[in-house]
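Hello,

Here is the structure I said I would pass on. My notes on it follow below.

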Amino acid sequence: MFLKNIKEQIYALAGLHQACLVVSNLAWRGEYKNQDFDASLKNIAIKTPNISAAVVCPDQETVLSAVKEAKDNNLINPTLIGDKNLIAETAIKLSFDIKDYNIIETNDMQESAAVACQMASENKIKICYLEL
């Protein structure tokens, strides 16, 4: 399943990774330059818009910010998997409305990862992101 969609997965992961770098620079260094979001990478990622993605335990500000940016740029259609309360608390800190996001409640990281793997095996998602 993963190999036949590898091109889509690479584009989506590259876009999500790039968004994480931009957010990280902003969060940790207070830096943001428009060219940080590499135009060529963004153009490549846009060729496969709204890739279904599972984001495991997105309760860190940098991860949730990257998810928002990737969704705002039509790169991914995310499913957030984890503790709904932690995700909601993080979203509030970021002034980020998650009411329209698909959130699957789980008890811990292991269960979250298992849910994401199950979704992948059922072809409900094309990529999975887990921040360790």
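Are phenylalanine 96 and tyrosine 101 buried or exposed? Phenylalanine 96 is buried, and tyrosine 101 is buried as well (buried is under 20% relative accessible area, exposed over 50%, partly exposed in between, with a 1.4 Å probe and protein chains only).

This is a predicted model, in which local features need pLDDT of at least 70 and side-chain atom pairs count only at pLDDT 80 or more, while totals for chains, interfaces and linings use all residues. Residues are numbered from 1 along each chain as its sequence is written, and side-chain values use heavy atoms, with hydrogens and water left out.

The protein has five helices and four strands, in the order α-α-β-α-β-α-β-α-β from the N terminus (DSSP runs, numbered from the N terminus: helices are H or I with at least four residues, strands are E with at least two). Of its 132 residues, 41% count as buried.

On the rings: Phe, Tyr and Trp (its six-membered ring) pair if their centres lie within 6.5 Å, with planes under 30 degrees apart counted as stacked, over 60 as edge-to-face and the rest as tilted. That rule gives one aromatic pair. The centres of phenylalanine 96 and tyrosine 101 are 5.3 Å apart and their planes are at 85 degrees, so the pair is edge-to-face. Lysine 71 lies over the face of tyrosine 101, 5.4 Å from the ring centre (NZ of Lys or CZ of Arg within 6 Å of the centre and within 35 degrees of the ring normal).

Helix H3 covers residues 61–72. Its buried residues are Val63, Leu64, Ser65, Ala66, Val67, Glu69 and Ala70. After H3 comes asparagine 74, with a positive phi near 55 degrees.

Regards

Notes:
Expected span 1.5 Å × (residues − 1).
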